Amino acid sequence: MTAQEFIETLSLFKNEKELDKVERFFKGNDGVTRSFGVKFGDVFTTAKEFSAMPLNEVNKLLDSDFYEVRMGAVSIMDFQARSKKTSEDQKKELFDLYLNRHDRLNNWDFVDRAACHIIGEYLIDKPRDILYKLAHSDSPWERRTAIVSTHAFIRKNDVGDTFAIAEILIHDTNELVNKAVGSWVREAGKKDKKRLHDFLDGYVKTMPAATFSYATEKLDPESKLKYKALRKAK
């Protein structure tokens, strides 16, 4: 399985109606990313077909200027990370490739597609210092990876890093980071309501609107009204 074979297979699904995908979904500003013209469903199906692709070939896909080709690369990596057949050494290679090529993972959906399983799951039983380093990165996509990766921990009722990283990012200037912070503290709050309420009590008046909206989305009506009132009183 090669990168060229993947691209040739993907090209069979080209559709002119999909050529506006970059305008609709891509929030990066690299000036070169463009649409291949393929539905995401076809990207994911093709990626699954090529899920055994060697990582040196996946790395070639990450070099592509086409949005959907890079999404295919990320999806192949995600399928491999999720597979029970993937060894610990292979998971380390996936982890390293994701981080080493993060400059090519320059959109919110690349991060959301794979950070949980490639980064978060790998770090379940390991030191998590890298997430705090990413949280202080100049790149909003690396900062988003820092918080999104903690979803793997949340699923195991481990919410400490989610709230700690959320505190680092609470006043982030990028809306897509704000939304991620709100989303993942909300999910962590489902496991630990007190931690969520403590977090909201501390930052309700200063957090960005998007963070507040996402973080309070699933609160009971009474709590939601309480925090809206506190926010208005700032």
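How many of the 17 residues of α12 are buried? In this predicted model, the count is 13, so α12 is largely enclosed by the rest of the structure. This briefing describes helix α12 (residues 175–191), its contacts with helix α9 (residues 140–148) and helix α13 (residues 193–203), and two loop residues, D20 and V32.

**Helix α12**

- Helix α12 consists of 17 residues and spans 25 Å from its first C-alpha to its last. This is close to the 24 Å expected at 1.5 Å a residue.
- At the start of α12, the backbone nitrogen of L176 has a side-chain oxygen of N174 within 2.8 Å.
- L176 also takes part in the contact with α9, together with V177, A180, V181 and W184 of α12.
- An α-helix has 3.6 residues a turn, so residues three or four places apart point the same way.

**Contact of α12 with α9**

- The axes of α9 and α12 lie 9 Å apart, and the two helices pack at an angle of about 0°. Because angles under 35 degrees count as roughly parallel, α9 and α12 are described as roughly parallel to each other.
- On the α9 side, the residues that meet α12 are P140, W141, R143, R144, I147 and V148.
- By class, the contact of α9 with α12 comprises nine nonpolar and two charged residues, with no polar residues.

**Contact of α12 with α13**

- The axes of α12 and α13 come within 6 Å and cross at roughly 140°. That angle makes α12 oblique to α13.
- V185, G189 and K191 of α12 meet K193, L196 and F199 of α13.
- The contact of α12 with α13 contains three nonpolar residues, one polar residue and two charged residues.

- D20 lies in the loop between α1 (3–10) and α2. Its relative accessibility is 32%, so D20 counts as partly exposed.
- D20 and R34 are 14 residues apart along the chain, and their C-alpha atoms are separated by 8.8 Å.
- V32 is located in the loop between α2 (21–25) and α3 (40–49). With a relative accessibility of 40%, V32 counts as partly exposed.
- V32 and Y67 are 35 residues apart along the chain, with 9.7 Å between their C-alpha atoms.

Definitions and conventions: Residues are numbered from 1 along each chain as its sequence is written. This is a predicted model: local features need pLDDT of at least 70, side-chain atom pairs count only at pLDDT 80 or more; totals for chains, interfaces and linings use all residues. Side-chain values use heavy atoms; hydrogens and water are left out. Axes are lines fitted to C-alpha atoms, for helices over the stretch in contact, and angles run from 0 to 180 degrees between N-to-C directions. Helices (H or I, at least four residues) and strands (E, at least two) are DSSP runs, numbered from the N terminus. Angles under 35 degrees count as roughly parallel, over 145 as roughly antiparallel, 65 to 115 as roughly perpendicular and the rest as oblique. Contact means heavy atoms within 4.5 Å. Ala, Val, Leu, Ile, Met, Phe, Trp, Tyr, Cys and Pro count as nonpolar, Asp, Glu, Lys and Arg as charged, and the others, Gly among them, as polar. Buried means under 20% relative accessible area, exposed over 50%, partly exposed in between (1.4 Å probe, protein chains only). The expected span of a helix is 1.5 Å times one less than its number of residues. A polar contact is a pair of N or O atoms within 3.5 Å; within protein, one must be able to donate a hydrogen and the other to accept it, and residues adjacent in sequence count only if both atoms are side-chain atoms.
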